Amino acid sequence: MDVVLAETAGFCMGVDLALTRLDQLIADADGRPIFILGPIIHNPQVLKHYAELGVVMVDAPEKVPGGAYVVIRAHGITRQVEEELKARDVHIKDATCPRVKKAQLLIARHTGDDSVLLLYGEADHPEVAGLVSYAGNGYFVFDTSEELEQYELVKGKKYVLAAQTTQDRVLFDQIVERLSSDKDVDVTVLRTICDATKLRQAEAKTLAAEVDFMVVIGGYNSGNTRRLAQVVSDAGTPCKHVETLAELPLNELVGYSRIGVTAGASTPRMLIDEVLDGLESL
Ligand code: SF4
């Protein structure tokens with residue numbers, strides 16, 4: 001059996017940067033407590049590792065005690081939460097991915113007039129909560145073009161279209177095309193989808209066409225990992241999304257001659273290596 005690992009599998013720049021900052025802080029904190037506001041990335045194994053090092057995760061700014069460090073995760077936080085933190089006696093370490101930050105600032109700049117934000121993203125995703133908090137004049141979040149179809153766009157009103165950084169670029173382009181073809185709709189398009197996602201998805205699609213089976217590794221609550229598994233399934237290749245080797249039914253894979261492996265942007269190398277070792281043992 002051949003096992004082929006995607007070159008783009010694993011941490012993206014933003015996640016790598018956030019975890020490097022957290023590691024640095026743990027080394028320099030000198031006993032001062034460290035809190036994370038929400039999961040620093042969407043991977044339960046990584047979160048367990050930091051919990052064991054004493055990093056405490058909380059879900060609201062008021063739960064961070066005075067004098068403590070608080071790390072803002074790669075997905076960013078809402079404008080309101082940032083204001084609340086700034087008003088308190090805590091030390092903020094901002095590990096928001098630079099690309100997410102850029103998307104937040106672009107949305108703020110382009111919706112500063114009376115434009116309404118149309119955001120292609122997962123409504124319950126923390127990055128989306130952060131992005132829409134920068135919309136100056138209302139917003140609508142949709143996850144499919146059908147949902148957008150049901151939203152009534154008003155003639156003469158101005159709209160700004162943007163996307164969660166990990167969304168599917170092909171679908172986004174279709175949405176742009178559909179809105180641009182409507183002469184009654186005034187839409188400014190912000191290209192906020194991250195290249196890391198695009199490259200990872202493109203490679204997964206190419207790899208899926210060259211193998212008999214694909215394994216996608218990453219947190220079940222990781223949006224970009226779920227989307228990666230979706231891209232592979234859409235390509236028609238049988239696929240299994242797992243968080244760790246323990247969930248991979250190795251005995252069912254014996255008959256395959258070529259297996260591809262990729263991983264989401266928040267999947268640590270250690271978990272990828274475990275899966276590779278498991279497959280190579282076949
Ligand atoms: S996928 Fe892109 S935007 Fe998201 S954290 Fe990684 S580098 Fe940043």
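The model is predicted, so local features need pLDDT of at least 70 and side-chain atom pairs count only at pLDDT 80 or more, while totals for chains, interfaces and linings use all residues. Residues are numbered from 1 along each chain as its sequence is written.

**Exercise 1: helix α1**

Find out which residues of α1 are buried and which are exposed.

Solution. 

Step 1. Locate the element: helices (H or I, at least four residues) and strands (E, at least two) are DSSP runs, numbered from the N terminus.

Step 2. Check the length. α1 has 16 residues and reaches 22 Å from its first C-alpha to its last, close to the 22 Å expected at 1.5 Å a residue. The expected span is 1.5 Å times one less than the number of residues.

Step 3. Sort the residues. A residue is buried if 20 or more other C-beta atoms (placed from the backbone) lie within 10 Å of its own, exposed if 12 or fewer, and partly exposed in between. In α1, the buried residues are G14, V15, A18, L19 and L22. These residues cover an arc of only 125° around the axis, which puts them on the same side of α1. The arc is that of the directions from the helix axis to the C-beta atoms. On the other side of α1, the exposed residues are T20, D23, Q24, A27 and D28.

Step 4. Recall the helix rule: an α-helix has 3.6 residues a turn, so residues three or four places apart point the same way.

Step 5. Look for the partners. The buried residues of α1 pack against α2, β4 (69-72) and α4.

**Exercise 2: helix α4**

Now repeat the analysis for α4: which residues are buried?

Solution. 

Step 1. Helix α4 spans residues 98-110, and its 13 residues reach 18 Å from first C-alpha to last, close to the 18 Å expected at 1.5 Å a residue.

Step 2. V100, A103, Q104, I107 and H110 are the buried residues of α4. Seen down the axis of α4, they fall within an arc of 145°, so they line one face of the helix.

Step 3. P98, L105 and R109 are exposed on the other side of α4.

Step 4. The cover over the buried residues of α4 includes α1 (13-28), β6 (116-120), α5 (126-132), β8 (158-163) and β9 (186-189).

**Exercise 3: the ligand**

Describe the shell: how many residues surround the ligand?

Solution. 

Step 1. The shell has 15 residues, and the closest are C12, G14, C97, T165 and C194.

Step 2. α1, α4 and α8 (195-210) are the elements that give two or more residues to this shell. The largest share, three residues, comes from α1.

Step 3. By class, the shell has nine nonpolar, five polar and one charged residues. Here Ala, Val, Leu, Ile, Met, Phe, Trp, Tyr, Cys and Pro count as nonpolar, Asp, Glu, Lys and Arg as charged, and the others, Gly among them, as polar.

**Exercise 4: the domains**

Where do the domains lie along the protein chain?

Solution. 

Step 1. The domain assignment gives domain 1 (2-10 + 196-280), domain 2 (13-97) and domain 3 (100-194). Such bounds come from an automatic or database domain assignment.

Step 2. The centres of domain 1 and domain 2, taken over C-alpha atoms, are 29 Å apart.

Step 3. Twelve residues of domain 1 are in contact with eight residues of domain 2. Two residues are in contact if their C-beta atoms, placed from the backbone, lie within 7 Å. The side of domain 1 that touches domain 2 has four nonpolar, seven polar and one charged residues.

**Exercise 5: single residues**

Is V46 buried or exposed? And what is the phi of D30?

Solution. 

Step 1. V46 sits in helix α2 (residues 44-52). V46 is buried, with 22 other C-beta atoms within 10 Å. Leaving aside neighbours within four places in sequence, V46 is in contact with I41 and P268.

Step 2. D30 lies in the loop between α1 and β2 (34-37). D30 counts as exposed, with 5 C-beta neighbours inside 10 Å.

Step 3. Most residues other than glycine have a negative phi. D30, however, has a phi near 55°, a positive value in a residue other than glycine.

Note on methods. A residue is near a molecule or strand if its C-beta atom, placed from the backbone, lies within 6 Å of it.
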